[in-house]
Amino acid sequence: MSCSWFYLPLHLLMVACLCHSIKAPTTNFQQSFKTDLFNFYHSLILADGKETTVHLLKDIPKRYYFVLEEGRALAPFTITVTPCDVPIEWSILVHKASASFLGTAAQGDHDAQEVSKSLKAPSMVSTIFNYKGNSVETYMGMSSHSALYMLEFLSTERDTHITVYLTTDTTSGHLYPELPMDPRIDVIGIGHTTVTLTWKHSPSVLQHTENIQYCLLVNEKHNYKSLCAAETAIRSSGMKLPPTLALSLSPYLLEPQQVMILSNSELSIINKVSSGEVRQICMGIKNTYTVPNLSPSTQYYFDVFVVNLLTNASAAYTGTFARTLEEPEPKVTELKDGKVIQVVLDGKKQKSYSLQYQARHKKIQFTFQLCRGQVRVHITKNGKTVAAENLSGLRYFSLKGKLLDTYLVQLRSTEESDSSVKVQVSSHFHKPLFPLLPESLKIKSFSKLRTCNSVTIAWLGTQEESKYCVYKKRIEEDQVWMELRSADRCSGPESRHKSEKVLCKYFYDVNLQRAVTTETIKGLDAGTLYLFDVYLFGPSGIPVRYHSKVVKTRKKC
């Protein structure tokens with residue numbers, strides 16, 4: 001970088017800085033001159049002990065100056081520059097004033113020609129440090145009153161911003177948390193959907209446990225060298241972030257594109273951006289962490305930041321990456337014509353299951369009965385999709401094709417809890433597996449017919465004579481949600497205790513408008529909750545369970 005920029009403003013700034021830094025008797029006119037000049041350049045003077053955000057326009061250099069406080073002949077200083085986006089160029093230049101000029105300045109005798117002559121001497125200006133890149137860099141040096149320092153910043157790629165931290169106080173701790181001697185992140189375990197990481201503790205964690213925490217950033221693009229670089233990348237994807245990426249502890253700050261998960265004193269924020277998912281996890285002072293819910297056979301980049309909760313300042317460990325293991329090929333189970341199988345899906349370990357069937361007839365029918373949870377079915381014929389939807393209750397798929405067509409059925413759980421479903425494929429349409437179902441499987445109760453010891457319920461029937469069995473179960477208030485949630489809709493009366501059976505009856509009506517039956521269950525306790533179930537049996541003997549109904553008897557009659 002050229003030094004010519006120094007000469008025009010610097011003779012004024014140097015006088016202002018020297019007047020501000022060196023104690024000397026002055027007249028009122030001289031004092032007024034110095035004060036006005038110093039205030040004019042005040043915005044160019046870098047604050048000591050504070051982090052300054054600097055916005056850079058492309059190809060336009062920006063310069064800041066700094067001087068030391070009075071009364072110190074020689075002092076150490078450090079400058080830390082953090083690029084928040086693209087690589088930048090930055091330099092530190094020093095102007096050393098001669099002893100005669102200092103004496104003149106101290107006496108308040110400011111001759112413009114002498115000042116200009118002194119400042120224009122090439123030997124007086126030198127570059128002591130320069131850097132180009134996007135890494136966080138820190139310069140440590142010694143400064144004196146006989147020198148004026150200038151920092152110049154330049155971005156040649158695009159508009160950007162950086163943070164600059166200057167301090168001359170090396171005794172009262174650090175704004176930035178310290179990194180260990182070995183700042184690498186080690187990958188100690190890789191699974192299909194998890195990666196386990198560990199890193200050495202920051203010395204700052206050992207000294208200030210309450211004010212320091214670790215935050216992990218996970219994404220599929222690349223590593224980030226600073227926390228502000230990560231913030232910038234996410235914002236550039238069209239998303240707003242909480243004020244501080246690592247310290248977004250309030251759910252009220254989250255945007256609609258963010259999902260926050262808080263458990264066991266651990267904060268996880270997932271940002272849905274155009275480039276994929278960026279996950280932020282703050283885990284206190286734990287230095288080993290297993291990242292869950294990753295996709296199989298996918299490369300992820302991991303960055304760990306140690307964050308000072310009091311200052312929001314952070315330091316970045318050396319990022320790493322890992323590729324999750326490939327998902328094992330699901331075992332394919334052969335379906336046999338007319339045979340019923342029940343598939344159980346573990347929402348966390350085995351979320352999918354595959355079934356295969358080779359057609360022996362041109363027309364076939366798949367039957368699915370959802371027993372528990374949420375399941376999505378995907379059916380292909382010779383590799384082409386013929387059906388795909390989320391299952392609910394009982395579902396039939398009647399398909400037409402050719403002899404020896406190969407059907408592949410893929411079942412996938414869509415939630416974390418366990419799910420199960422019964423499956424049958426058959427070419428014999430005249431021998432249905434399940435009974436003919438009514439329009440609705442809901443059980444209705446009549447509030448006006450409730451008494452202290454009886455409840456009246458009703459349910460729909462069909463045009464086909466079928467057997468219906470009623471069961472009751474006494475439950476507590478806090479059991480209602482769990483009973484309804486965990487109910488296995490495929491289980492029959494064989495899973496119930498004999499004492500829960502109320503009655504069994506047959507009925508039908510050729511007129512569907514009148515295919516309704518009611519039943520009054522007596523001998524109940526007052527003010528008590530009961531769970532009622534109705535089971536419908538068809539010719540095959542396989543039951544269909546109506547939706548459970550919870551009714552409370554009257555407390556007073």
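Predicted model: local features only at pLDDT ≥ 70, side-chain atom pairs only at ≥ 80, totals over all residues.
**Charged pairs and a covered strand**

Student: Which side chain meets D533 in a salt bridge?

Tutor: A salt bridge here puts a side-chain nitrogen of Lys or Arg within 4 Å of a carboxyl oxygen of Asp or Glu. For D533 the N to O distance is 3.1 Å, and the partner is R545.

Student: Where in the chain do D533 and R545 sit, and how many residues apart are they?

Tutor: Strands are DSSP runs (E, at least two residues; helices are H or I, at least four), numbered from the N terminus. D533 is in β33 (residues 529-537) and R545 in β34 (residues 543-545), a link between distant parts of the chain; the separation is twelve residues.

Student: Is R545 buried or exposed?

Tutor: R545 has 12% relative accessibility. On the cut-off, R545 counts as buried.

Student: And how accessible is R158, the partner of D85?

Tutor: Those two side chains meet at 2.9 Å, N to O. D85 is partly exposed, at 26%. R158 is partly exposed too, at 41%.

Student: How many residues of β29 are buried?

Tutor: β29 covers residues 455-460 and is mostly covered. It runs antiparallel to β32 (residues 516-521), with six bridges between them (strands pair if DSSP finds at least two bridges). The buried count in β29 is five of its six residues.

Student: Which residue is the bridge partner of I457 in β32?

Tutor: I457 stands opposite S445, and β28 (residues 444-445) joins β29 through two antiparallel bridges. In β32, the bridge partner of I457 is E519.

Student: Which backbone oxygen does the T462 side chain reach?

Tutor: T462 lies in the loop between β29 and β30, and is buried at 2%. At 3.1 Å, its side chain reaches the backbone oxygen of E464.

Technical notes: Residues numbered from 1 in each chain as written. Heavy atoms only, no water. Buried < 20%, exposed > 50% of the residue type's maximum accessible area, 1.4 Å probe, protein only. Polar contact = N/O pair within 3.5 Å; in protein donor to acceptor, adjacent residues only side chain to side chain.
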